[in-house]
Amino acid sequence: MQSKMKESEPILEVENLSASTDNLPILKGVSLTVYPGEIHAIMGRNGCGKSTLSKIIAGHPSYNITNGDIKFLGENINSFEPEERAQSGIFLGFQYPIEIPGVSNLEFLRVSTNARRKFLNKEELDTFDFEELVQKKLEIVKMDHAFLSRSVNQGFSGGEKKRNEILQMALLEPKIAILDETDSGLDIDALRIVASGIKKISNAQTGIILITHYQRLLDEIEPNYVHVMADGKIIKTGGSELALELEKKGYEWTDNLVKKT
Amino acid sequence: MVNENPVKDVVKEPYKYGFVTDIETEKIAKGLNEDIIRLISQKKEEPKYLLDFRLKAFKKWQKMKEPDWAELGYEKIDYQDIIYYSAPKQKEKISSLDEVDPKLLETFDKLGIPLTEQKKLTNVAVDAVFDSVSIATTFREELAEHGVIFCSISEAVKKHSNLIEKYLGTVVPASDNYFAALNSAVFSDGSFVYIPKGVTCPMDLSSYFRINSGDSGQFERTLIIAEESSSVSYLEGCTAPMFDTNTLHAAVVELIALDDASIKYSTVQNWYAGDEEGIGGIFNFVTKRGKCLGKRSKISWSQVETGSAITWKYPSCLLLGEESVGEFYSVALTNNLQQADTGTKMIHIGPKTKSTIVSKGISAGNSINSYRGLVKMGTKAKGSRNYSQCDSMLIGDQASANTFPYIKSQQPNSEIEHEASTCRISEDQLFYLQSRGIEFEEAVSMMVSGFCRDVFNQLPMEFAAEADKLLALKLEGSVG
């Protein structure tokens, strides 16, 4: 299966990426290539740079790229605005989805979906057509329609926020989704809903990066590759068995690997 | 990709109503004295009681001091350097719109307020005021069928003198404050509305105020009377050309609601605000007050204040009638070097009166935006209630917001509730919206609209959409 994947062009190429915030280096040469249909998991201790990597790929303005490149579908996107990246098909599922008081979730989802559709030269949806579309997508994450009339993420429980993220992913149909600790704060049932949602949305053309601490999400969605990050670098890459090994040996094991390098 | 401080200063969208209409005008000499007042009154062929009203007000004004308690800073206004009457030259008596100078019609066309029969707005009657005079009022016959009077105040003085004499100055007395006294002495035109008993006004009424000349002030006066069990929704819009001098606008609006009557008064104020350096712009000193005279009467103010270099405005309600209701919904947006000191006064006099205040202040650029409000429960206001909510939103790190709520209660059996909050549009919120493909500017405007939603919901439909667009326009380039 893997060899077949490699025949196509990569979706995302992160090449020797270094980045800092407030002159503090966070990433120190990360390389990662994602082909269509692949699922990558990135694991590592808090503060190892996992979340930063995801934010930089999405274009967060607080980080400076000091070296290296990010390529999306072969094009260097280092200087792209976050909205351009999103429109062209990069999706970041937030670890802590942001609350936006006063802005209705439905309107937010519609504007955002239309921004993506516009990029794809698809017709923009009016409120009625969008209502139909969103109704279908709600089923994927088993969310109630009532969520749509509330303000974006405001007063949502942790699980509801995460499901709202996956709902956005379902609507935006990204080429690549980077899901930053989407599993944290979820109970078993919610985790299953989220995981099955991710599986339903992804296909042979999309790429997924799962950032996680825990094996339990990877039990639901089996990755092709597992990368272990420490101190701003990917220090080890392997198959899904690496996650199990990590679960057994703990991060102390990777700490020792860092010392060796 | 990296923007050191993504939420910062200001580049402003050019003001699209800034054109000047080249038209021959009749102006009187600059300056203010008794002779000028007599001249204005004479030009308008006013009865003696009105001249006396003006002269009395002028005497009071001369003894008064310009208020300085507001959070506003501006160079002293030279009241002798202002022209108090300026009117486009036209035929003495205009019987139909065909006789109105086409240039004037064109002006209002350009402002989106077409007046001619073919083009006029459907279901909104418009009174168009240009500098000191009313140009035209649409739908008069249709309104007359319902007994509704909607005309310029000058015309009302001539045709409905009994109503003017009975009500003018009863809500805002000439001695009320410095700018009200000035207005009472020199007011030139404005709108008059009378809704007879039991009539629900069949359409929205609207006045559109246009300042055209740079050196004359606009002092309009509006009077709305709603008889028993009647109701009306009134809209007010304002624009002015761009001049590098400041133009004074000192209006007085009086509303009177009798038993079971209701008046809804909505304003979208978009006077020229001056440029980025704060040169030019309208000084907007306005006294607006409604008197809920009757039982169960209701007066509701909603305003979207986006223009003017300076806004000094406190639309208020005197709640006299038992169970009468006062409401104030406000969005005030300031950008660049604009200053706004605005709010309301809810004076509870009668028992079981109720008031609601919802104020949303948005300050961007280097602007100052203050809410100032008074809630007073009089000795007889037993069982009365007030709820106030004052929220401020800051955009960038140079703008400031203040809230000055004053509360006076002489009645222990009354409730006053006040909530206030301040927020800043955070980088994380913006990034979240952007990371969903929403453009930066649109993200800001979505958040601002969201912040103002409680107030926009109160505006008449066509106004709400306009207000939303206006805010987006005003904020364009204010961040980023």
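1. In α5(A), V134(A), K137(A), L138(A) and I140(A) meet L167(A), A170(A) and L171(A) of α6(A). Contact here means C-beta atoms, placed from the backbone, within 7 Å. By class, this contact has six nonpolar, no polar and one charged residues. Ala, Val, Leu, Ile, Met, Phe, Trp, Tyr, Cys and Pro count as nonpolar; Asp, Glu, Lys and Arg as charged; the others, Gly among them, as polar.

2. This is a predicted model: local features need pLDDT of at least 70, side-chain atom pairs count only at pLDDT 80 or more, and totals for chains, interfaces and linings use all residues. Residues are numbered from 1 along each chain as its sequence is written, and chains are lettered from A in the order in which they are written.

3. Helix α5 (residues 127-140) and helix α6 (residues 158-172) of chain A pack at about 130°, with axes 9 Å apart. That makes α5(A) oblique to α6(A). Oblique covers what is left after under 35 degrees (roughly parallel), over 145 (roughly antiparallel) and 65 to 115 (roughly perpendicular).

4. α4(A) has 15 residues and reaches 21 Å from its first C-alpha to its last. Its buried residues include F108(A), L109(A) and V111(A). Buried means 20 or more other C-beta atoms within 10 Å of a residue's own. Among the elements covering them are α3, β7 and α5 of chain A.

5. Chain A puts 25 residues in contact with 21 residues of chain B. α3 (82-88), β7 (100-104) and α4 (105-119) of chain A each supply at least two residues of that side. The side divides into 13 nonpolar, nine polar and three charged residues.

Definitions and conventions. Axes fitted to C-alpha atoms, helices over the stretch in contact; angles between N-to-C directions. Helix = DSSP H or I, 4+ residues; strand = E, 2+ residues; numbered from the N terminus. Contact = placed C-beta atoms within 7 Å. Expected span 1.5 Å × (residues − 1). Buried ≥ 20, exposed ≤ 12 C-beta atoms within 10 Å, placed from the backbone.
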